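Please read them with the model open.

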Amino acid sequence: MKIEYTNFGLASRVGNIIYLNKRLLKHPELHDALLRHEKAHTSGFSWQDIKIDIINPHLKGVKLKYWAFLLSTPQSWVEVMPIYYKDGNLLLNPLISLIWAFLITLAGIAGLILKI
Ligand SMILES: [Zn+2]
């Protein structure tokens with residue numbers, strides 16, 4: 001497993017490479033929690049990965065720091081985009097895509113109810 005530090009994003013795993021935002025190095029507690037989280041993911045994509053993101057036991061105790069870091073670091077916001085670009089590849093974040101699909105569906109239903 002290889003760790004690469006990036007300018008953008010927060011933490012993700014593609015195959016056996018874990019990408020961490022380089023600004024996390026200033027926050028060792030959050031850095032280590034996110035590294036444990038990414039190591040727990042599989043090298044591909046499975047229901048196990050969705051379960052890990054939903055339950056997310058690794059961020060227990062650093063949730064406040066997680067949100068503070070995410071909100072105060074605009075470079076990490078690509079993490080909440082359903083599709084993002086990294087190292088020449090267009091990648092899909094499956095869980096975020098499901099959340100976006102759900103919100104867009106809700107917005108569509110709300111639009112139909114209000115006949116906008
Ligand atoms: Zn995850």
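1. Of the contacts in the protein with a separation of 6 or more, 40% are between residues 24 or more positions apart. This holds for a predicted model.

2. On the overall layout, the protein has four helices and five strands. Their order along the sequence is β-β-β-α-α-α-β-β-α. The C-alpha trace spans about 50 × 30 × 30 Å along its principal axes.

3. On burial, the protein has 116 residues, and 15% of them are buried. The largest nonpolar core has ten residues: Leu-10, Ala-11, Ile-18, Tyr-19, Leu-20, Leu-24, Leu-30, Ala-33, Leu-34 and Phe-69. Strand E3 (17-21) and helix H1 (28-40) each contribute at least two residues to this core. As a general point, nonpolar side chains in soluble globular proteins tend to be buried together.

4. Which residues does Tyr-19 touch, not counting residues up to four places away in sequence? They are Glu-4, Thr-6, Gly-9, Ala-11, Ser-12, Val-14 and Lys-86. Both Tyr-19 and Ala-11 are members of the largest nonpolar core.

5. Ala-33, another member of that core, lies in helix H1. Why does Ala-33 count as buried? Ala-33 counts as buried because it has 23 C-beta neighbours inside 10 Å, and the cut-off for a buried residue is 20 or more.

6. Leaving aside neighbours within four places in sequence, Ala-33 is in contact with His-58, Leu-59 and Val-62. Gly-61 is 28 residues from Ala-33 in sequence, and the C-alpha atoms of the two are 9.1 Å apart in space.

7. Are the residues of H2 covered or hardly covered? H2 is hardly covered: of its nine residues, the number buried is zero.

8. Asn-56 follows H2 and is found in the loop between H2 and helix H3 (63-72). Asn-56 is not a glycine, yet its phi is positive, at about 40 degrees. Is Asn-56 buried, exposed or partly exposed? Asn-56 is partly exposed, because 14 other C-beta atoms lie within 10 Å, and that class falls between the cut-offs of 12 or fewer for exposed and 20 or more for buried.

Note on methods:
Residues are numbered from 1 along each chain as its sequence is written. This is a predicted model: local features need pLDDT of at least 70, side-chain atom pairs count only at pLDDT 80 or more; totals for chains, interfaces and linings use all residues. Two residues are in contact if their C-beta atoms, placed from the backbone, lie within 7 Å. A nonpolar core is a set of buried Ala, Val, Leu, Ile, Met, Phe, Trp, Tyr and Cys residues joined through C-beta atoms within 7 Å.
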